[in-house]
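Dear colleague,

I am handing over the structure we spoke about, and my notes on it follow below. Please read them with the model open beside you.

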Amino acid sequence: MGGAALGEPAALLEAVDRDGFVRQSWRIERFPVSIGRALDNAVVLSDSHVAAHHATIDVVPGSDTAPATIVVAARETRNGVVVRGRERVAGGAAKELADDGRDVELQVGRVQLRLRLPNHALAAEQAMSALADTDHRWLPTLGVAAAVLLFVLATTWIETDPEPFVRSAGMAVLTTIAGAAVWCGLWALLSKTFTRQSHFGWHVRVFVVASLVLLVLSVVPALAAFAFSWPWLTDYSFVAIYATAAAAIYFHLLAVEPGRRKLMQAVAVTGFVVGVALSLWFNVQRTGRPGEELYMNHLFPPQLRVARPTSVDRFVAGLAPMQAILDKKAKEQSGSDSEGAGDDDE
Amino acid sequence: MRPRIRRWEALTALALVASSPAFAQPRPAAAPPPEVAASAAAAPSAPVSLSARKVYEQARSQLVQIRTVLKGRASQTSVGSGFFVSAQGHILTNFHVVSEAALKPEQHDLVYVTADGREAPLVILQLDVLHDLALLRAGDAAPSGAGRRFDALAFRSATEPLAQGERIYSLGNPLDVGFAVTQGTYNGLVKRSFYPQIFFGGALSAGMSGGPALDEEGHVVGVNVARRIDGEQVSFLVPAEFASALLARGKDAAPIVGSAYPIVDEQLLKHQTLLTDRFIQQGWKEATHPRYRVPVPPDVFMRCWGTSTVSNNGGLDFERSDCVMDTRIFVGEFTTGTISLRHESYDGTKLGALRFAQRYAASFRNESFVRLSSQHQTKPRCEEDYIERDGLPLRAVVCMRAYKKLPQLYDVAVLVATLDQSRNGVQGRFDAQGVSFANAQRLAQHYLEAYRWVAPH
């Protein structure tokens, strides 16, 4: 005990929320320190899962050759104490930890405690994350949002006949803005729940960037498929759309659980893989092919065509390989028909 | 974008497939198009004359009802009519009357019932799917012909053609109500039919299929086969020459054992050869579009209908033409063996290039290649590319499906969009059902090669 200089506490005990925020902290001037619900404890935790006298923490100073020892003793408790998230110390038992210079996390009832000792190393100051940063930088977001709105207006203009255009344009802009507000609002609510900050700016940014990418994806693959006669491009362009959606979800989630980047990555990647696999499977069931489109059905102004046309003779001769494929399918399916009395109608 | 025009309803084959009672709505899944019962029963018919009575009395003992019965159960799945054509017990009827029994013999039995209530089994000797005829033999007749003798109807001689307006009598058992005779007139052959059919100006009802149509002397001139449900007294007969030919060809044949699909397949292969040759040979109409030669067939065995749609919001204007054949071959649970063409000519001058392209693409996308369920056909496969016809660029898509129970037969669809103008274009579609792969290729080539500019550009 005598090692503590004046004004410097022997230790700091903190109650930490799951997002890392310190809810409450206690300056510990001397050890052992008792923890429990009863008022005669040094640290009083009013949690119904905490015993009256739940635990004591003691620090036995070390020598020059040996480090200090932290002793966590559970007292008359049913729930015990969980040390460093791994080891549960049952009521009446004690756990001795050699002080390795790291803070010690303890779970007492539903309260997450952290014990900091003066000799523990401090992590370097972290820069403010991009997350918090975007909450104050609206200009780029607004720029992208304007691009999205322009895109939506252009699409609406193309899709509606000249007369009803003004009304449709108004509707399209309103629906886009309302949809964006609801979407970002819900994400902000989630962020607020888990991180105490809504990160609305971040969510809006993620939304507008993802929307722009999705809008571009709705045109560019179709245009390239038309220009170069690449039917496979639109056949599988849904993969890029799913990837964009998964990335958008990942960045939204990042503002909900900033500390679990890896987990959120895993969630997004899993969602993407499962989504793509399900779509491929569904397409095979529906059309017998993994792709989305039976034939390339995107037509643009003829000047945008780059691919060279072939002759009728060559095109018709190129149909020949279909025969073997169709015959094989007709045979295998009619074969299975006669075996099972099954009705395989879709 | 594509309005479904239906100027007229399809022909309706005349087997009665309703379960009891006869006037109830027919079972929807049953084989021949089932929109028959009630309206047909109410159709007026001319008062029966004295000669009709004479004709019926003469033919009464040669007339039978043909029932398809579920094996092991007493219930009938469809009924039609038929008539004796030989003393050895040969009976003629329509293929569509016996199709369930012919195609799924493991599930169905055939029996005939005479006007005086005698019932006996039937065997199938020969089929003529293309003319919708079947030759049967009474199961109680001895195969050698040495057994009992049957009263038979005689065919009218081919050297004495009927004149339009001559009175003829159609016999059968309409709607399973009882044997009946209806009187009508001979109106010559049906125009633009692929196979000859007699236009009978009289009322036919479901259940009369396969019954004979007789002249005033009681000779067979045709076999009841179908009627138009959108008209009154517009009915059809298979000319007697095909029935007598089938009798001559099949009277000594052994009964068909097992499913008749291979026989149907063989006859459809013949049909598609004839159809493809005649279709290609007839060429195309000229002057179908001011800028392009768009393929439209001459009115030989097809009929074309057109519509014109002008947008009332300053949008896309288009004209549409649909060409179809009346003839289609009934194959049990579906029909096949027909060709149809369609094109739409789009005018987007009020819209501009981008808006036109969007609508043009939407119409190109709005195509279905699924006609029959996966029980009958494979899923479609397509091939596509840009092609050029004397400088005219086109996007072409060919999609095909194979029939599962009819080997070597396919449905082919060809989709074409012209791509030489940014605010105008023509999209066409050609469909042929039940053709061989080689003929599908020939027809696709024939159709694609028809596109070109009217004047060189």
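**Backbone notes and what follows**

Arg192(B) is placed in the loop between strand E9 (180–189) and strand E10 (198–201) of chain B, where helices (H or I, at least four residues) and strands (E, at least two) are DSSP runs, numbered from the N terminus. The phi of Arg192(B) is near 60 degrees, a positive value in a residue other than glycine. With a relative accessible area of 30%, Arg192(B) is partly exposed; buried means under 20% relative accessible area, exposed over 50%, and partly exposed in between (1.4 Å probe, protein chains only).

Before going further, please note that this is a predicted model, in which local features need pLDDT of at least 70 and side-chain atom pairs count only at pLDDT 80 or more, while totals for chains, interfaces and linings use all residues. Residues are numbered from 1 along each chain as its sequence is written, chains are lettered from A and ligands numbered from 1 in the order in which they are written, and side-chain values use heavy atoms, with hydrogens and water left out.

Gln408(B) also has a positive phi, of about 70 degrees, although it is not a glycine; Gln408(B) is found in the loop between strand E21 (392–402) and E22 of chain B, and its relative accessible area of 40% makes it partly exposed. In chain A, the peptide bond from Phe31(A) to Pro32(A) is cis, with omega near -5 degrees, and Pro32(A) lies in the loop between strand E2 (22–28) and strand E3 (33–36) of that chain. These are worth a look because most residues other than glycine have a negative phi, and most peptide bonds are trans.

Turning to the fold of chain B, there are 7 helices and 24 strands, and buried residues make up 60% of its 457 residues. A closed barrel of 6 strands runs E2-E3-E4-E7-E6-E5 in chain B, with antiparallel pairing (two strands pair if DSSP finds at least two bridges between them). The twist averages 40 degrees from one strand to the next, with axes taken as lines fitted to C-alpha atoms, for helices over the stretch in contact, and angles running from 0 to 180 degrees between N-to-C directions. Strand E2 (residues 63–70) and strand E5 (residues 108–114) of chain B run antiparallel and are joined by 7 bridges, and Thr68(B) stands opposite Leu110(B) in E5(B).

As for the aromatic rings, those of Phe, Tyr and Trp (its six-membered ring) pair if their centres lie within 6.5 Å, with planes under 30 degrees apart counted as stacked, over 60 as edge-to-face and the rest as tilted. By this rule the count comes to 27 aromatic pairs over all chains. The rings of Phe228(A) and Trp230(A) have centres 4.6 Å apart and planes at 25 degrees, so this pair is stacked. Tyr410(B) and Phe437(B) form an edge-to-face pair, at 5.5 Å centre to centre and 85 degrees between the planes; the pair links distant parts of the chain, with Tyr410(B) in strand E22 (residues 410–418) and Phe437(B) in helix H7 (residues 437–450) of chain B, 27 residues apart. Both Tyr410(B) and Phe437(B) are buried.

Finally, Arg305(A) lies over the face of Tyr386(B), at 5.4 Å from the ring centre, and the charged end of Arg395(B) sits over the ring of Tyr386(B), 4.6 Å from its centre; a charge sits over a ring if NZ of Lys or CZ of Arg is within 6 Å of the ring centre and within 35 degrees of the ring normal.
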